[in-house]
Amino acid sequence: MPNRSAGAASETTGRPFRLPAPRRTGAPGEHSSETTARLRPVPADPTPDEPAAPFARPAAQGTTTTRPAAPPRPAHQPPAPSAPVTPDPALSWSATRPLVSFGEPEGYDGDARPRPLGRRGASQAAAAAVCLVLGLGLISGAVTGSWLVGDSGAEGSPSSFAAAGSLWHSVPVDQLFPPTVQGRGAGPGGADRTWTRIAVAPDSGCKDAFDPLLRKALAPVGCERLLRATYTDATESYVTTVGLLFTTADAPGMTALANRFRKERLDRRSDLMPLPYAAKGTPAAGFGAPQRASWTVSVLTEAPVVVYAVSGWADGRTVDDPQPAGDAVDADATTAAAQAGLGNEAQGLADRVERDFRRNVRSASEQPS
């Protein structure tokens, strides 16, 4: 019989010696036919009496290991309170919150130093009082003299009213009717206009100067003197007569006439149009009553004066549907006079002559008596 121990020894010759892997109790053993190592099941959590040691090295087969006893788990049961707990007042918010106060707002003086607002020195209060007095004086002065710089309807002083009534014989004609008048923005759509004086009528009374109906409407204020001049535009396409009627009425009489014109709209009636002044040998030679296209009439209340203007074509064409300047300057107006800008001619020139007249009144009232 062959010796098996000798054969076994020869089969293991040259192989490294390996210890058999320990096997836990309860784990099934590996079969010789298995070629892949079987993963052993992880044991369940140990009981409190036997705590697990997850990082303990497994003991060799045939040895006995002892695990250290785990300390007992503390019982987390708070004791039952015997009395209600009261918070410490010293730890409350009311005892520890900061005290906040609001200071006065600060401004800065002339040297960039902070100062509380609302406090003014004596010098600042005095300066404010002086500014207030000066401001009131300027306002009252503006109200008193506003009519002199273009505000129609403002009441003037008795001395200025009287001075305005005497300007017809004390002011040169070139100041009342300048040879050239600039009308910035006076044309249609805000276009500029330039008017050149082509004729000046001799100063006269009002006989045959107005149509009968207009003469009747102006009769309550009387007629002291009538001054007229005729202008043409830069292209000599239009002609416009502007007039200054100096009346004999006082301030209440002028106010009553102005109120009547406004309430009854007398300045819009075509049968109350002023007559033009047609000078021979000028572009206005054929400017008569049938050629009137647009007009304006302004009754002043701060001076005994009525300012008017009437415009037409320079070629002498007649107009069947004249239109007041206040309507002809409207953007929606469709009449021939409006489309040609004749409303702008009459209104623009009358406004500039009226402004020059107010300047002359102011200069006359400022002169020492």
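## Fold and cores of a predicted model

In this predicted model, 64% of the protein-chain contacts between residues at least 6 apart in sequence join residues at least 24 apart. The chain holds ten helices and nine strands. Of its 369 residues, 31% count as buried.

Seven strands make an open sheet with mixed pairing, ordered β3-β4-β5-β6-β8-β7-β9. β3 and β9 stand at the edges with a single partner strand each, so one side of each has no neighbour in the sheet. Helix α7 packs on the sheet and touches β7 and β8. The direction of α7 makes about 140 degrees with that of β7. Strands β5 and β6 run antiparallel, joined by eight bridges. Here Arg 225 stands opposite Phe 246 of β6.

| Element | Residues |
|---|---|
| β3 | 180-183 |
| β5 | 225-232 |
| β6 | 238-246 |
| α7 | 251-264 |
| β7 | 294-299 |
| β8 | 305-313 |
| β9 | 323-324 |

**The cores.** Nonpolar side chains tend to be buried together in soluble globular proteins. The largest nonpolar core here has 27 residues. Those with the most contacts inside it are Phe 177, Tyr 231, Leu 244, Phe 246, Val 305 and Phe 357. β5, β6, β8 and α10 (342-366) each supply at least two residues of this core. Its largest share, six residues, comes from α10. Leaving aside residues up to four places away in sequence, Phe 357 touches Leu 244, Phe 246 and Val 305, among others. Another core, of 23 residues, lies apart from this one and includes Phe 161, Val 221, Leu 226 and Met 273.

Methods. Residues numbered from 1 in each chain as written. Predicted model: local features only at pLDDT ≥ 70, side-chain atom pairs only at ≥ 80, totals over all residues. Heavy atoms only, no water. Pairing = 2+ DSSP bridges. Helix = DSSP H or I, 4+ residues; strand = E, 2+ residues; numbered from the N terminus. Contact = heavy atoms within 4.5 Å. Axes fitted to C-alpha atoms, helices over the stretch in contact; angles between N-to-C directions. Buried < 20%, exposed > 50% of the residue type's maximum accessible area, 1.4 Å probe, protein only. Core = buried A, V, L, I, M, F, W, Y, C linked by side-chain atoms within 4.5 Å.
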